[in-house]
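Here's a walk through one protein model, written for someone who likes to check contacts and angles by eye. Keep the viewer open as you read.

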Amino acid sequence: MNEKTSHLTQEAKKQFMLEAIKEAKKAETLNEVPIGAVVVIDGEIVGRGHNLREDSLDATAHAEMFAIKEACKNIQNWRLERAQLFVTLEPCPMCSGAMLLSRVEEVYYGAKDPKGGTAGTLMNLLDDDRFNHVAYVESGILEEECGMLLTTFFRKLREKKKLLKKQKKD
């Protein structure tokens, strides 16, 4: 287990998660699963992203991937060694891998992902000392708000599918 600890205040964590939620809402307006992420270095957001898988038809178009890419471009370095990444849903294996490869120092997420989360739920890739980098992980930042975004989105999607199915019958 890694011994890293957070140096951010609870207020700062909430502030940056609210920015990730703003990104998630951008995805939702595009009928994408509402997941958003931001990368922070020295208290400044250097990368933002939201899901675009449906629009791009790209399985890798996750919020975290866009936020990491933008952060690397903005700081002109692939190493995000002093960075914190905030994401509304627990990262998947691909995104956790990208965080390790880019050397993200701290990862904060809102809602757990029981089907694909690899930052503590199914496993914790980010805190596995067999890798050459580990990250501090903290879950539950604005968990209720982050979870409700997803619950509401999928409820509306099911209702829409149900309505379409009913219209086809009629």
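This is a predicted model: local features need pLDDT of at least 70, side-chain atom pairs count only at pLDDT 80 or more; totals for chains, interfaces and linings use all residues.

Helices here are DSSP runs of H or I with at least four residues, numbered from the N terminus.

Leaving out residues up to four places away in sequence, A20 touches G36, A37, V38, F86 and T88.

Zooming out, helix 1 has 20 residues and reaches 29 Å from its first C-alpha to its last, close to the 28 Å expected at 1.5 Å a residue. Its buried residues are A12, K13, F16, M17, E19, A20, I21, E23, A24 and A27. An α-helix has 3.6 residues a turn, so residues three or four places apart point the same way. What covers the buried residues of helix 1? The cover includes strand 1 (36–41), strand 2 (44–50), strand 3, strand 4, strand 5 and helix 5. Just after helix 1, N31 takes a positive phi of about 60 degrees.

**Helix 5 and how it sits on helix 1**

Helix 5 covers residues 143–169, and its 27 residues should span 39 Å at 1.5 Å a residue; the end C-alpha atoms are 39 Å apart, which agrees. C146, G147, L149, L150 and F153 are buried in helix 5. The buried residues of this helix pack against helix 1 (10–29), strand 3 (83–89) and strand 4 (106–111).

At what angle do helix 1 and helix 5 pack? The angle is about 10 degrees, and the axes of the two helices are 10 Å apart. That makes helix 1 roughly parallel to helix 5, because angles under 35 degrees count that way. On the helix 1 side, M17, I21, A24, K25 and E28 meet E145, C146, L149 and F153 of helix 5.

K13 is found in helix 1, while E138 lies in strand 5 (residues 136–138). Are they buried or exposed? K13 is buried, with a relative accessible area of 5%, and E138 is buried too, at 14%. The cut-off for buried is under 20%, which means both values qualify.

| Side chain | Partner side chain | Polar contact |
|---|---|---|
| E138 | K13 | 2.9 Å |
| E138 | Y136 | 2.6 Å |
| K13 | Q10 | 2.9 Å |

Beyond its neighbours within four places in sequence, E138 is in contact with S6, Q10, K13, V107, Y108 and Y109. With residues up to four places away again left out, K13 touches S6, L8, F86, Y108, E138 and I141. S6 and Y108 turn up among the contacts of both residues.

**Helices 3 and 4**

Over to another helix pair. The axes of helix 3 (residues 63–75) and helix 4 (residues 93–101) come within 9 Å and cross at roughly 20 degrees. Helix 3 and helix 4 are therefore roughly parallel to each other, and their crossing is left-handed. The contact is made by E64, M65 and I68 of helix 3 with M94, C95, A98 and M99 of helix 4.

**Loops worth a look**

The loop between helix 3 and strand 3 holds W78 as well as Q76. W78 is partly exposed, with a relative accessible area of 41%. Not counting residues up to four places away in sequence, W78 touches C72, L101, S102 and R103. The C-alpha atoms of W78 and I68 are separated by 8.8 Å, and the two are 10 residues apart along the chain.

Q76 has a positive phi of about 60 degrees although it is not a glycine, and Q76 is exposed, with a relative accessible area of 67%. L142, in the loop between strand 5 and helix 5, also has a positive phi without being a glycine, at about 50 degrees. L142 counts as buried, though, at 14% relative accessibility.

How values were computed. Residues are numbered from 1 along each chain as its sequence is written. Side-chain values use heavy atoms; hydrogens and water are left out. Buried means under 20% relative accessible area, exposed over 50%, partly exposed in between (1.4 Å probe, protein chains only). A polar contact is a pair of N or O atoms within 3.5 Å; within protein, one must be able to donate a hydrogen and the other to accept it, and residues adjacent in sequence count only if both atoms are side-chain atoms. Contact means heavy atoms within 4.5 Å. The expected span of a helix is 1.5 Å times one less than its number of residues. Axes are lines fitted to C-alpha atoms, for helices over the stretch in contact, and angles run from 0 to 180 degrees between N-to-C directions. Angles under 35 degrees count as roughly parallel, over 145 as roughly antiparallel, 65 to 115 as roughly perpendicular and the rest as oblique. A crossing is left-handed if the near helix is turned anticlockwise from the far one by less than a right angle, and right-handed if clockwise.
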